[in-house]
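This briefing goes through selected strands, a helix and a surface patch of one protein. Keep the sequence and the structure at hand while reading.

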Amino acid sequence: MRVGWRVAVSTLTVGAMAGAAVVIGVVDADFDRDNAFVIDTFDRHVVIEADGTTLVQETLDVTFSVERRGIFRDLPVETRFDAGEYRVVSVDQGSSDRPWTYVVERLDDGGTRIRIGEVNTWLQPGTYRYRMRYVTPTSSHRRGEDPDTVATRIDVPGFDWPTSVGATTFRVEAPGDITSAACVQGPRGTTAPCDDRLTVDGSVLQADLDAFDAFRAATIEFRTDGQAFTTDLPTYREQPLRSGRLVGPFELPNPVAALLLFGLLAVPLIAFDLLLAARVYRDEVTDPALHDRAHPTAIPAPPFGMRAPEVAGLLRRQDPRALFLATLVDLDQRGVLATISDDDGDDLEVLRGPGAIDEQTLDVCDRSFLRALVPDGGATVFDGEYDGVVATRVTAAQDTVVTRASEVFDRHGFQHDRAPLLRNDWFRALLSLLILAASIGVGLGVAAVTPLSTVAAMITVAVVLMGRAGAKAPWGHQRLPLNSAGRDAVVQARSFREFVATVEGDQLEWAAGQPGIDHLHPAVSLLPYAIALGLANSWYDRFDHVMRELGVTAAGAGAAAGAGAVWWTSRSSFDSVSATQSATSTAPSSSSSGGGGGSGGGGGGGGSW
């Protein structure tokens, strides 16, 4: 079995998936980043009063690289406990006599946005100072496990800044002595310590922090004696600062995080597929009796005397309309049906055969087709005008021939008896769902412990799963659970189609007397196969004149009597009936129109506008 090109295609597909993961990570790293500005320095001064009132002053030196109106500061809603609202005191350029114009907006999540600047005023590239004073909801609370101790947790400068933040300083004045303090820094949820950056002197805590990349910050927690507060603070039980997560987050570049996710998904899936191939499809793939055998390039008869839908099914051709017309012509030729067309060959009436047909002599598929299309004592007329009853009959008849085509491997015993579980449709569907669920879970886990966003992680998961299908595609034929007879049947079906596609008039005699085509002249008998295999036009090009001459003979050989019985011997009549049948059984399309549109406290972030 020649597999070199298949190995190459699968390997290239896996490599392309890895490259796509890196690209996703690169795009994700810059997707939410605002490259129009950077924060050179960030200073936050927090004063907590004994009654819990918290006054914050923030001073930012901002450098714009392009024209912008200003910046906005997003202050998050406190979701852990009801702690009040924000109140902006002032916004200026570093001194009270140089104020900035600003508005206060309410965010969809309940937070507050301070938008600084004017709509019609653009600032030139350069460095500007922004100083904001505001009162925040208290971020202090009594510890649920120790109500006599008050804990305060604050993010500096905030995890939602979409740009880099330079040297950051933080100073807090508490109403009483600070008994302990802790600090972590990195992405949201980090457990990387930064305690050496903290200095505590009585009731004052000072932190001198290094620069932060976008969406990075420090979380500082300190504790004071509850007796220093004169108000009732919320009581809240919170996990210790460094034990919020068992794993991560890891400081990985986004491309590396995406590549890590690719590896966590691709390696187990590749191992699973290789194991499956070795354990289940081993004999089918490597058995020399099933591969590299010499076969004729063209054979004049369908394998095992199969009817047209079954041959089409062997070649995975399941066009309902083509199978319907092929079966209609076949049953008309065999006298099971009688068809009468008008002089123009447009309208067609389908009846049961003129003789007494014992339905029990028909195979179950032909019998089902006959009962669906022509009920007892009735007729089906194709006149080009949509008819709901006729449409229902045609749909039922098409279902029977599609089923006949799709079940050909199982019906004729062309599949291996081993590993029946993996051939069970329900089991395979369940297995696919489990793989999908596990992949999504791994993606969410990687997104939770790395800087990779959830959206980028889900896109990477989709790329891996689709890439897996692409990598497996070249092996689809070898992975078919067919036995030797099934392989032979497929090869014979291909050779037979080659014969139907290329045979000329002087070669038709070769087909005469072959199983399945001995009841009529080969030009007529092979017509249903040509229709089912998508070769009707080519067949009429070669044998239209032959079938016209044989029309009367065909009728006398078993088809319904009368000139109208040979509509399928003429290309023009066949095309007319085909169009009429489609119009009669297809509901007219309708159109419609419509429209539509489509951490700790005090952190947050902001951006430029």
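Two strands count as paired if DSSP finds at least two bridges between them. By that rule, S5 and S6 form a hairpin with five residues between them. The model is predicted. The protein has 17 helices and 19 strands, and 47% of its 609 residues count as buried. Its accessible surface comes to about 28400 Å², with 54% of that belonging to carbon and sulfur atoms.

- Strand S6 covers residues 112–116, and five of its five residues are buried.
- Both faces of S6 are covered: Thr112, Ile114 and Ile116 are buried on one side, and Arg113 and Arg115 are buried on the other.
- Strand S5 (residues 102–106) pairs with S6 in the antiparallel sense over five bridges.
- In the turn of the S5–S6 hairpin, Gly110 has a positive phi of about 95°.
- Strand S3 (residues 71–75) also runs antiparallel to S6, and four bridges join the two.
- Arg115 of S6 has a partner in each of these strands: Phe72 stands opposite Arg115, and Val103 has Arg115 as its bridge partner.
- In general, strands of a sheet pair through backbone hydrogen bonds, either parallel or antiparallel.

**The five-stranded open sheet**

- An open sheet is formed by five strands in the order S11-S14-S9-S8-S15, with mixed pairing.
- Its edge strands are S11 (178–186) and S15 (235–236), each of which pairs on one side only.
- Strand S8 (residues 140–143) pairs with S15 in the parallel sense over two bridges.
- Within S15, Tyr236 is the bridge partner of Arg143.

- Helix H10 (residues 425–449) has 25 residues and reaches 36 Å from its first C-alpha to its last, close to the 36 Å expected at 1.5 Å a residue.
- The buried residues of H10 are Ile435, Ser439, Gly443, Val446, Ala447 and Val449.
- Leu436 also has its place in helix H10.
- Leu433, Leu436, Ile440 and Leu444 make a nonpolar surface patch of about 330 Å².
- Is Leu436 buried, partly exposed or exposed? Leu436 has a relative accessible area of 37%; buried means under 20% and exposed over 50%, so Leu436 is partly exposed.

Definitions and conventions
Residues are numbered from 1 along each chain as its sequence is written. This is a predicted model: local features need pLDDT of at least 70, side-chain atom pairs count only at pLDDT 80 or more; totals for chains, interfaces and linings use all residues. Side-chain values use heavy atoms; hydrogens and water are left out. Buried means under 20% relative accessible area, exposed over 50%, partly exposed in between (1.4 Å probe, protein chains only). Accessible areas come from the Shrake-Rupley method with a 1.4 Å probe; for residues, only the protein chains shown count as cover. The expected span of a helix is 1.5 Å times one less than its number of residues. Patches are made of residues with over 30% relative accessible area and no salt bridge: like charges are joined within 9 Å, nonpolar side chains (Val, Leu, Ile, Met, Phe, Trp, Tyr) within 5 Å. A salt bridge is a side-chain nitrogen of Lys or Arg within 4 Å of a carboxyl oxygen of Asp or Glu.
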